[in-house]
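Subject: A structure for you to look at

Hi,

Here is the structure I promised to pass on. Please open it beside this email and follow along as you read.

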Amino acid sequence: MKYAFALCFLMIMAALDANAQPKPGATLIITNAAIYTVDNEHPRAEAVAVIGDRIVAVGSKPEIDSWRGPQTEVIDAGGKLLLPGFNDAHLHFIQGGAQLDQVALTDASTPQEFAKRIAAQASKTPKGEWVLGGRWDETKWPDPQLPTRQLVDPVTRDTPIFVERYDGHQALANSVAMKLAGVNAKTPDVPGGVIMRDGSGNPTGIFKDAAQELIYKAIPPMSHEQRLLAARRALEHAASLGVTSVQHMNPEFADVAAYSELAEKGELKTRIYAAPMETNWQEQAKIGIRHAWGSRYLRLGAVKGYADGSLGSRTAYMFEPFADEPGNRGLLSDEMHPPSGMRDRLMQADAAGLQIRVHAIGDRAISIMLDIFGEIEKEHGYHDQRFAIEHAQHMALKDFDRFAKLHVIASMQPYHAIDDGRWAEKRLGHDRARYSYAWRSFLDHGVTLAFGTDWPVAPLNPMLGLYAAGKNHASRSCGSLYHGLGICRISGARERIDYTRQTRRHGDTKRQHS
Ligand SMILES: [Zn+2]
């Protein structure tokens, strides 16, 4: 009885207390909007109230109106769509930012236009800096011949250029660049690469695959100022697209230094979680950095590795040979020689409390990584580590269940289904292609997805990714085992969940909001 009285008294006090503190007025209210909340219980809403930098309420117009105070700024959205900020689970943020200011050649439709754009870029490039980027595509030219140094030498004078083809497997250098790199007619080809040569043995300027390194090694690393500039450009671009948090894969520590300076200046408007190369895991572990360590805007504590190559270069590591190149099953990465080396490093990284993400594109590389994650989980137990396989592009049917069982996240870039996906079937054959870009199948097997773009490999705009993920692809690359039954698509609501999810641990998200 006494207890009941005490409880009752407390409830009255609590009620009085609530009355004593009226609801604070919102800083901002956005009303009359079509809001998708990405909360299954309450998927739709009309208005949102914000205090400072926090959303305090989402609901109907009258509900949110109660947050209105004398100082509240009110935006009438006029019925337009309002979405939570997007998270890009895999990108290269500073490289993406740098590319925004590089020469754009993808849509240069003639060699003359190609040279004209390079000339314009060279004329505004400070002395000592290079003209880079480009992503040209000579197949769009009336006579699709590879460009040569003779095309660009007259318009670039002292400025070195090294502009890449859109697939990253070839690049064009001018004579200045080759001179700086010490490359001439006597330079031998390198394993895995080709220096294109004219009739008299002189390099034409085109460097293929591993030969590109001959020129790249002559390019000075970005200065701190250049990194800051690139990061600022990337932040602007991300904000313009509604991307509010990102995971930067394989940053250099110098990139983190640029973010850190911007965080200090209050300029970071995108939340960044940096995942440096797994071979350097000790760099983070030795100073006590663990998963999701840092501030609300800048975190460290993850590592990123590579298990194999790519489909485009036929270096994705497959169980069976490529359909269009019998005898070639792709390649494991250097860091996977042997796979036990990768396992040992990741085992230690996990023990140190670091999160692990590994690039694996071919079915066999994916399978080996699942073996390794299984061994780590057996040794250390499951503690919401959030292992992620990056790309997880071409799956063996038997491995979908293992993803779910081992709690491995499939970190995918749906845009690839509408670029590489156009020719993937030719390379893989019909059967294997059915288990490619298979987000729908991952979901059907209870696997957690995280969507991203790999920017600048694909555009940062998440709307393009949403389009690609939800498209009912005419070809088999529809992201589903159920191709042919007309249920390839995943729903818009589902896509938005996977595009706003962060791959931090749950506990850390809670801590952040507390
Ligand atoms: Zn990447």
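Predicted model: local features only at pLDDT ≥ 70, side-chain atom pairs only at ≥ 80, totals over all residues.

Let's start with Val246, which sits in strand β15 (residues 243-249). Is Val246 buried or exposed? It has 28 C-beta neighbours inside 10 Å, and a residue needs 20 or more to count as buried, so Val246 is buried. Leaving aside neighbours within four places in sequence, its contacts are Asp88, Leu91, Phe93, Ala238, Thr270 and Ile272. Take Leu91: 155 residues separate it from Val246 in sequence, yet their C-alpha atoms are 7.2 Å apart in space.

Next, find helix α3 (residues 93-100) and helix α8 (residues 224-240). Their axes come within 7 Å and cross at roughly 90 degrees, which means that α3 is roughly perpendicular to α8. On the α3 side, the residues that meet α8 include Phe93, Ile94 and Leu100; among their counterparts in α8 are Ala230, Ala234 and His237. By class, this contact has seven nonpolar, three polar and two charged residues.

Finally, look at strand β19 (residues 302-306). Five of its five residues are buried, so β19 is largely enclosed by the rest of the structure. Ala302, Lys304 and Tyr306 lie on one side, with Val303 and Gly305 on the other, and both faces are covered. β19 pairs with strand β20 (residues 355-360) in the parallel sense, over five bridges, and Ala302 has Gln355 as its bridge partner there.

Enjoy exploring!

Best wishes

Note on methods:
Residues numbered from 1 in each chain as written. Helix = DSSP H or I, 4+ residues; strand = E, 2+ residues; numbered from the N terminus. Buried ≥ 20, exposed ≤ 12 C-beta atoms within 10 Å, placed from the backbone. Contact = placed C-beta atoms within 7 Å. Axes fitted to C-alpha atoms, helices over the stretch in contact; angles between N-to-C directions. Parallel < 35°, antiparallel > 145°, perpendicular 65-115°, else oblique. Nonpolar A, V, L, I, M, F, W, Y, C, P; charged D, E, K, R; others polar. Pairing = 2+ DSSP bridges.
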